[in-house]
Amino acid sequence: MQWDEDLDGPFAAVFVDQRKRTVTVVTDLMAFIPVYEGRHNRGSVVGTHVDAVGALANSCELDHVSMAEFLVSGVVTYPYSCYREVRQLPPAAIATYPGSGERTLVTYWIPEETPSPKYSFGRCAKWLRLALKESARASFSDGDRPTVLVSAGEDSRAVLGAMPGGGHCDAVVFADDVTRETEIAATVSAAYGARFTLAKRSPTQYIDNIDAACSLIGSNSQFFQAHSLGVAEKYKLSQAPVVLGGFGADRLLKGIHSPHRKTTRELILPAWFQSDTSIDDRQSDQVLHGIDSAAWKVLKPEIRSAIIERRNSHRRRISQFRQADSVEEWARMWPSSMASGSSHYTSNRRLMAIHEPFFSKRIVKLASEIPFDWKINRRIFLAAMKPYLGKTKRVPNGKGFYPYYGLVVNRVLLPRLQAVASRVRGEERVRSKHIVWADWSKLVKTEKWRKESSRRWLASSYRVGILEQNSLDISMQDFDIRTKLNVIQLGTIFNSLTEPVDGGS
């Protein structure tokens, strides 16, 4: 079987050969579905839920370096997990476990960088466009009515545009209430002929569902990425024949993990146009990418050193098949668990029949072959998906940009036109707040948040053994919101375990 061609998208396959007394486990191209391996006194335990593997392998001793890294960044560097004796299997791997002896591991595909593009820019764009259409169409039968998860952004528009036969589908967006994001999503859905539904959630849904989300996703992933928990069943998404998302385009096709980009809103400049930052400083920034500096400072020095070594080791692994800026790009998304947002897909696949068209094998392979410079500033994405965006060319996204148009219109002409229009009307130009999943600034001020965060922070600080000073003297006030959420999750993990403070078994 040719694993990189015969199967498409995320998968984890298991084969039991009773004659040879072997078990074979196969992971997908990017390990979109991560598979974990734990050692047991009678063999190995393999599964896709890290906590279940840890429990069945009697390997619940925590890896404090992993826990510290998760606290400050929301990810655990591959192949480690939150448990000392549990590791993640590689992407695109065939692991064979014999009745006796050590398991063998064979890699059937790697995202190897080519010295020069195999195909022209135009041909790559065309093939990406066809690959998305093919992937979307293959996910449902003629009699099915699929559902598409929509937003105000461009990725869901591309998926809607790639759907065959117009808008014979439903469109759903999750939100606490009507916002600019939901209004745009409704407009986009109508433009493509899709039947729109606003799936309303409680404003405190993320706090209400902490324990359920942690159990659903697992200790290696951020609980607040479980956006559909609590609404998937309420709005019957769990009963839909297929639910299509628009996840993965940012990381695979838009250079979202560019080492030259400090925020997701920045214009990415070419390497030669960067400031005169030393190579050592740039490398240091890249290794510490995604880390909350305030939380980083309170970790023990030996813990910080261990995190840096793990990240450097991962980059050395990536450098065996990628080069220069591409190393940094792929270090943050290969395997898929290296991207903090990957738990969004993990939760969805456990709640509904989710299909992510951008996880298609054709798109993944093209993403590995496309030069890094083609991805930045949406170049290849826009060239590929523009025909699918035409129905909403006059509809902006949540940030006020127009997905149908490119860099010149959105970054040069549009701001000037908006400024002129504001002056003509005698108004001061005000950007409306862009809220997608939750208004965290309000959420963290609620009494419910205060109680939960204080209780779980104390549980974390007493148990984890990673802090440089007495945790009772450390305030979360300076932590960014995502770190505060990670703190709550750590408290949940420690409350569910019986491990002594010093890391005993």
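These questions and answers walk through a predicted model.

Trainee: How far apart are the end C-alpha atoms of helix α12?
Mentor: Helix α12 covers residues 301-318, which is 18 residues. At 1.5 Å a residue, the helix should span 26 Å. The distance between its end C-alpha atoms agrees: 26 Å.

Trainee: What arc around the axis do the buried residues of α12 cover?
Mentor: The buried residues of α12 are I303, R304, I307, R310, R311, H314, R315 and I318. They lie on the same side of α12, because they cover an arc of only 135°.

Trainee: Is L413 buried, partly exposed or exposed?
Mentor: L413 sits in helix α18, residues 407-425. With V408, V412 and L417, L413 makes a nonpolar surface patch of about 370 Å². Buried means under 20% relative accessible area, and exposed means over 50%. L413 has 44% relative accessibility, so it counts as partly exposed.

Trainee: Which residue does a cis peptide bond join to Y78?
Mentor: Omega is about 5° for this bond.

Trainee: What is omega near for the peptide bond from W334 to P335?
Mentor: P335 lies in the loop between α13 (324-331) and α14 (342-351). The bond from W334 to P335 is cis, with omega near -10°.

Trainee: Is K236 buried or exposed?
Mentor: K236 is found in the loop between α8 (210-217) and β11 (243-244). K236 is not a glycine, yet its phi is positive, about 60°. Its relative accessible area is 53%, and the cut-off is over 50%. Therefore K236 is exposed.

Key
Residues are numbered from 1 along each chain as its sequence is written. This is a predicted model: local features need pLDDT of at least 70, side-chain atom pairs count only at pLDDT 80 or more; totals for chains, interfaces and linings use all residues. Side-chain values use heavy atoms; hydrogens and water are left out. Patches are made of residues with over 30% relative accessible area and no salt bridge: like charges are joined within 9 Å, nonpolar side chains (Val, Leu, Ile, Met, Phe, Trp, Tyr) within 5 Å. Accessible areas come from the Shrake-Rupley method with a 1.4 Å probe; for residues, only the protein chains shown count as cover. A salt bridge is a side-chain nitrogen of Lys or Arg within 4 Å of a carboxyl oxygen of Asp or Glu. Helices (H or I, at least four residues) and strands (E, at least two) are DSSP runs, numbered from the N terminus. Buried means under 20% relative accessible area, exposed over 50%, partly exposed in between (1.4 Å probe, protein chains only). The expected span of a helix is 1.5 Å times one less than its number of residues. The arc is that of the directions from the helix axis to the C-beta atoms.
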